[in-house]
There are 2 protein chains.
Amino acid sequence: MKFDDKIPIYYQIKNYIYREIIVGKLAPGDKLPAVRQLAVDLTVNVNTVQRALSELISEKIIEPQRGKGNFVTEDKDTIEKLKKMLITEQLQDLYENLHKLNVSDEEIVNYLENYINERKQVQS
Amino acid sequence: MKFDDKIPIYYQIKNYIYREIIVGKLAPGDKLPAVRQLAVDLTVNVNTVQRALSELISEKIIEPQRGKGNFVTEDKDTIEKLKKMLITEQLQDLYENLHKLNVSDEEIVNYLENYINERKQVQS
DNA sequence: TATAGTGTAATAGTAAAATATAACACTAGG
DNA sequence: CCTAGTGTTATATTTTACTATTACACTATA
């Protein structure tokens, strides 16, 4: 996995697991890969994985069972709220950062539509 | 100034100066505040400011004049390109991050419009 | 020519993140 | 009971960002 060297790795791992859960690759109740396996897959240290997992545990996104593994919460409501929060965070970042560049509400929407259309053209 | 502790301070300062230039608070040819003054204003160390400025110099956004100060480039085209690049970067981040959450093109636009409308309602 | 204001650079120290490594605690199954 | 697989924790080391401090180089001007 590629990491952005401007952001702590443990934090990027946390977001990676968020996504795995939200897109359903990890369903409610599913067991996560073992920490040592995750460390190998992501080519990072076990402690770094553990730090990411610790935060997910604090947030009740996953539940640890000593000797067994870490399991995705069964509470679908928690997951749904997580998804909404992550989406809102992204929108807020875009909005605030573009406003700091003096881009108006209307322009933000226009720029986004243009961006998406241009992407489609490149693909075709 | 408030800093995000997940991102290097020098990097946030660099982006801060980008913005000052793009919104015109710093016009082409303008002299930047002295490095020591910037350090005081931003409550960081001179070396940290200098690190941000060094990168801006490499990118030809500002030009240093030893003994005089740092000056915003006179090349308006460079600034215009910078603005476009920063906007595109933001759009790309949003797009990629939401796609990783399985949000479709149409949904991205809808979510953004809703987000903006909700902001307006809160303000009124 | 002395001085104040500017950029630039070097040194040493601190803190946080990440690593390598090892050990400990618990569970399941032979 | 033993062993393999799991989470959890601790120690020591390295790297990077940041800081504090000092010094040097250049410019303008009194």
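1. Let me start with a lysine: K60(A) counts as exposed, at 60% relative accessibility. Here buried means under 20% relative accessible area, exposed over 50%, and partly exposed in between, with a 1.4 Å probe and protein chains only. K60(A) lies in the loop between α3 and β1 (62-65) of chain A, and has a positive phi of about 65° although it is not a glycine. For context, most residues other than glycine have a negative phi.

2. A note on conventions before going on. This is a predicted model, in which local features need pLDDT of at least 70 and side-chain atom pairs count only at pLDDT 80 or more, while totals for chains, interfaces and linings use all residues. Residues are numbered from 1 along each chain as its sequence is written, chains are lettered from A and ligands numbered from 1 in the order in which they are written, and side-chain values use heavy atoms, with hydrogens and water left out.

3. K60(B) has a positive phi of about 65° and is not a glycine either. The loop between α3 and β1 (62-65) of chain B holds K60(B), which counts as exposed at 61% relative accessibility.

4. Now the overall build of chain A. There are 5 helices and 2 strands, and from the N terminus on the order is α-α-α-β-β-α-α. The radius of gyration of chain A is 18 Å, well over the 14 Å that the globule rule gives for 124 residues, so the chain is more spread out than a compact globule. That radius is taken over C-alpha atoms, and the rule is 2.2 Å times the number of residues to the power 0.38. Helices (H or I, at least four residues) and strands (E, at least two) are DSSP runs, numbered from the N terminus.

5. The C-alpha atoms of chain A fill a box of roughly 55 × 35 × 30 Å along the principal axes. Buried residues account for 35% of the 124 residues in chain A. Among its contacts (heavy atoms within 4.5 Å) between residues at least 6 apart in sequence, 52% join residues at least 24 apart.

6. A polar side-chain atom of Q50(B) sits 2.5 Å from a phosphate oxygen of DNA strand C. For R66(A), a polar side-chain atom is 3.0 Å from a sugar or linking oxygen of DNA strand C. Y10(A) brings a polar backbone atom to 3.4 Å from a phosphate oxygen of DNA strand C. Elements giving two or more residues to the surface near DNA strand C include α1 (9-22) of chain A and α2 (35-42) of chain B, while α3(A) gives the most, with 3 residues.

7. Finally, two asparagines of chain B. N70(B), in strand β2 of chain B, is buried, with a relative accessible area of 11%. Its contacts beyond four places in sequence include V35(B), L53(B) and I57(B). N45(B), by contrast, is partly exposed at 43% relative accessibility, and is found in the loop between α2 and α3 of chain B.

Methods:
Polar contact = N/O pair within 3.5 Å; in protein donor to acceptor, adjacent residues only side chain to side chain.
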